[in-house]
Each structure stands twice: as C-alpha cells, then as structure tokens.
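Hi everyone, thanks for having me. I'd like to walk you through a structure, so please have a look at it with me.

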Amino acid sequence: MLEDLFAKVKLRASYDKPADQKGKINIPENLMFKCPRCGKVEFMDAFLLGGKICPACGYHARLSAQERIEQVADNFTFKEYDKHMKSLNPIDFPGYAEKVAHLRRKTGLREAILTGECEIMGQPCALGVMDARFMMASMGSVVGEKVTRLFQRAEQEDLPVVLFTASGGARLQEGLISLMQMAKTSGAVGRHSRKGLLYVTVLTDPTTGGVTASFASLGDIIIAEPKVLVGFAGRRVIEGTIRQRLPEDFQSAEFAQQHGFVDMIVPRGELRRTLAQLIRLHTGKGGGPDENSVG
Amino acid sequence: MKTAWDNLQIIREKNRPTVRDYIPMIFRDFIELHGDRLYGDDAAILGGIGMAGDMPVTVLAQVKGRDLKENQASNFAMPHPEGYRKALRLAHQAEKFHRPVICFIDTPGAFCGVGAEERGQGEAIARNMMEFMELKTPVISIVLGEGGSGGALALGVCDELAMLENAIYSVISPRGAASILWKDASREKEAANILRITASDLVEFGVAETVIPEPVGGAHNDPQLMGKRISEYILATIPKYTKIPIAKLLENRYYKFRKIGVFTEQKGVNPL
Ligand SMILES: [Zn+2]
C-alpha cells in the first residue's frame, strides 16, 4: 500500500517539469505553499494541517526544533542539556558574529541544535534535534560539542540516542575547527556504541555534507522522512562536474534507501510509534506485542 | 611573512613531489595492495605494506599524479567511497598484524559525483573516522600538500598529525569558500588568507603536532631532502606511540579530537 503510494508519486514526478523550469508565478507567501521537491503550489492550510507535508508529493518540509520536540517527545518530558552554549568567532571570520547574533534574535535559538533527554511514549532517551533555520544547521564548535556531550551523557546514563539530523555541512566560518567536529562526534558515537547502546538517526530535510559524513550516517538504525534531501555533495557541484542535469529523485531519502543507506522511510505521523517501538525492542521494557504494532 | 596564499602557490608547483616519489625514499620492500573487497579498487587511494626502519608499517595515501595522465588515472586524488573502504580494510589488517599505520594526506577532497553518492560517500567517510578512532594500533598522518575537508579527514583521525611546512588543511577549498561567501570564485586569495589553513595555524589550534620543514622554496626544490626529512620524522615518531599501552593510546587519540572546539557557556552574556 505504501509502495503503491510511492509508485504513484514517482509517476507523477516524472511528468512534472522541475520547479525552476516553470514560469515564475507570484505566490502570496502566507496563503500558498510551493513545494521545493515537486514544484506544485498548494494551499497553505492543507500543507499546515497535514503537518507541513506537501499535499501533492508527500515531501516532508522542515520543522523547527521546537515543533519537532513537541511532535516527538511526551508532553513536558523534554529537559534541555547545555542550553547556554554559544559560539564564538575562533578565526575572526568577517561578518560571522553579526550573522549569528541576527539569527539568535530571529529564531530564538542559541545555536543550530537542541539537545536533551525526554520520553517517547514512555521510553526514555537522549534527544538531539537540528534546526535548519540557524545557518542551515551547519556544524561548528557548538553543534559538535553538543552532539558529543549528548552521546557522552547517554553513555553515562545508559540511554539510547535519537538524533534528528538536518545540515548544510561543516560551518566554514569556523574553519578547520568545524571540520574537526566531524571526527569528534564520530568518536563519541563510537564510544556510546561500544557500550552496547542504541543510536537511531532520523534524517530530515536537508541532511548533507559534513553531517552526512559523520554522525548522521552512523546510526544503528537510520530512518528518513519521505522525500527529504539526503546526500554528501551539493547537487549543483555534481551537475557542474558531470555537465548534465540530475534526475529529480537524486539524493532523496528514497534514493538513499534504494542504495542501501537508509533502513526505513517513516512518515511523520508514524514516527513516535516507530521510535518507541525501536527503543522497546532494544531495552525490552514495557508494552505487549499488539499494543506496539504499527498500522 | 609567508601567507596561506603563498603556501598554496608552492603546493601547486607542477613538480611538487607526490607520495609515489616519497615511498621509495622512505620505505623498503614496499608492496601495494588493492581493492575494498566490496566494490572495486580506487586508484585515488594507495595502500600497501613496507618497512620503516626495522618496523613493518601499513601505508595509506591519497595519490596525486605527476602529470595529466597520472592525474586522470588517480582522479586527481579525489577518492570514491571504495577508496575509503580500501583504506579501512587495510587499517584493520594493520591492526591484526600490529603494524603502525602511516597516512599521507594530499587531496582536494572526496569526489563529488553520481557514483560516489550512490555508493555512500558520506557513510564511507563517517565510518572511517569512527573506526580509526578505535583502531588498536598507532596511526600517524602527514599532510603532504592539500588537506581538503572531510575527504582528507577520512585519513586524518590519528595519534599525531604532521604537516609539511607549506601544506594546508581546510574545511573548504579557498575557491569554494569564495564562491559561497561572495559568489565569486576569483576572490580565492582573500578567502585563503582568512580561513587559517596553514601548518602553523593548525599547530596553534591543537590540530597538528608537528611541522616538517621543507627545503628552501618548497619540496620541489629538493625532493630527496624532503623525503629524508619525512623519513626521519616517521622513524622518530613511531616508537613514541608503539610504547604506549593500547587503551591509553586510544584514550589520548579520542581526547586529541574531543578537546577541539571554541565556545562559551556563560549565561546571559552575549559574547558576540
Ligand atoms: Zn511536493
């Protein structure tokens, strides 16, 4: 049934022209939603009521970290870690400080990730959620340190880690210090793993670059939301190298799954249940078989 | 004073020696090994075994070519996932036979292409970093010229990082940075000089431990002398790490990376 749905979507996608080849239409920003995947314009109400999912193609649009936590964690269970951590400007990069200050005001976030612990349908876990509104959730010192501490704490407290990834990659404004966060976070994942603890990655839109090439690809179980962008290199970079346009579904969650890099694609409405079920399967705590089945 | 841009000019010298030049100067009885046992053999990454002094070691390296033909064969040292997986296979082999691993880094970055995406470039790099972090044998990495981003770091999780004097190591190529920041790749020089990518920058950040001096004007002016200095460095450095008990070695390796990061946790103060 689910497969049928995807087949239809694929069929439809192949008839549609890519978004940027269509004539520019003036879209009233708050009334209409224009899907970055399929290019269709839909009523904003339909998009929002469906949980920020494109009514035409099922693309799962970006959520803020706060929205995500509200959807996934049991009410009032989220306790934030390291909430005062803020970036500095280690290589005195021009304009970086201003950019970060502006984004803090605009988003109310201090950085591109929220970490903490919570319960998901009664299952305790450590939770990290990246927020693409903050410099495309690029990984600098703060993201690297918060992810590392999340795994460290989970290791100490015997907790599974659930991490919602989204990122444009390493944060170039912090130079090589950003790059080294890839090694640091991968090392922290390894230590948590060696203790026999579960790590579930949920790839959300867009997961790319240095985050794909570090903790996002290291989950014991890797989930992706439908139609999201998952890849290493930028699409334009690759198109520039091969001098041809890439198919629409290139670097989609479905593409990644087809090539063996994603365990399952789970629609937003089923995420909570799936995560709780996975944690239960690894801790053997609570719940009878029927109560837990996804359907 | 020499700037990052000056370094870049030197490492782009046509005659700058590559790892293929250095290997016979540094290792005896070198034998090259091939393939990742999963998909193929990536010529952008070389792997093999040789003697460093009286110690067998595993050598892993990104391979720049000395001319266009060689560069085409080795894809300009831009590895595919199978290259990183070959490196990981040989690293595990080194662990099994208790051989130290010597990595030579010299790459513009991991290859960006359709096949690389299909075969999981991100996963390959991530897994290398995680597994090298726990590899139960000493790992020494040396940046010969260009340390390009995650594609370099996949051979850069090590106990000690050395840089040749003019080598650079960067989160993004200066050209790439210029085109992202100012939509103008020609402002490469400006980008190079603000990104802090030189050997001395990296020592200052605690990322690199050692700078290996180059002959006057750059390694291309005296490849033999450069080879001798790299060899001396390797011979002097291996015993420092083979002496350390494995558990301690891995703890130190993790903390070498664990400590990197610049941030504040002060409440209520806006540091920026
Ligand atoms: Zn759509």
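Accessible areas here come from the Shrake-Rupley method with a 1.4 Å probe, and for residues only the protein chains shown count as cover.

Before I go on, some housekeeping. This is a predicted model, where local features need pLDDT of at least 70 and side-chain atom pairs count only at pLDDT 80 or more, while totals for chains, interfaces and linings use all residues. Residues are numbered from 1 along each chain as its sequence is written, chains are lettered from A and ligands numbered from 1 in the order in which they are written, and side-chain values use heavy atoms, with hydrogens and water left out.

Back to chain B. Its secondary structure comes to 12 helices and nine strands. Helices (H or I, at least four residues) and strands (E, at least two) are DSSP runs, numbered from the N terminus. The radius of gyration of chain B is 18 Å, close to the 19 Å that the globule rule gives for 272 residues, so chain B is as compact as a globular protein of that length. That radius is taken over C-alpha atoms, and the globule rule is 2.2 Å times the number of residues to the power 0.38. Along its principal axes, the C-alpha trace of chain B spans about 50 × 50 × 45 Å.

What percentage of the 272 residues of chain B count as buried? The figure is 58%. Buried means under 20% relative accessible area, exposed means over 50%, and partly exposed is in between (1.4 Å probe, protein chains only).

Of the contacts in chain B with a separation of 6 or more, 71% are between residues 24 or more positions apart. B:Glu232 lies in helix H11 (residues 223-242) of chain B, and B:Glu232 is partly exposed, at 42% relative accessible area.

Now over to chain A. Chain A has 11 helices and 10 strands, and 57% of its 295 residues count as buried. Its accessible surface comes to about 12900 Å², with 52% belonging to carbon and sulfur atoms.

Next, charges. Side chains of opposite charge can pair when their charged atoms come close. A salt bridge here is a side-chain nitrogen of Lys or Arg within 4 Å of a carboxyl oxygen of Asp or Glu. How many are there over all chains? The count comes to 38 salt bridges. One of them joins A:Glu117 and A:Lys79, at 3.7 Å from N to O. A:Glu117 lies in strand E5 (residues 113-120) of chain A and A:Lys79 in strand E3 (residues 79-80) of chain A, so the pair ties together parts that are 38 residues apart in sequence. A:Glu117 counts as buried at 18% relative accessibility, whereas A:Lys79 counts as exposed at 52%.

In chain B, the side chains of B:Glu123 and B:Arg85 meet in a salt bridge at 2.9 Å, N to O. That pair links helix H6 (residues 121-133) with helix H4 (residues 81-96) of chain B. Are these two residues buried or exposed? Both B:Glu123 and B:Arg85 are buried.

Last stop: the backbone. Most residues other than glycine have a negative phi, and most peptide bonds are trans. A cis peptide bond joins A:Asp205 and A:Pro206, with omega about -15°. A:Phe76, not a glycine, has a positive phi of about 60°, and A:Phe76 is exposed at 88% relative accessible area. A:Ala137 also has a positive phi, near 50°, but A:Ala137 is buried, at 0%.

Terms used:
Contact means heavy atoms within 4.5 Å.
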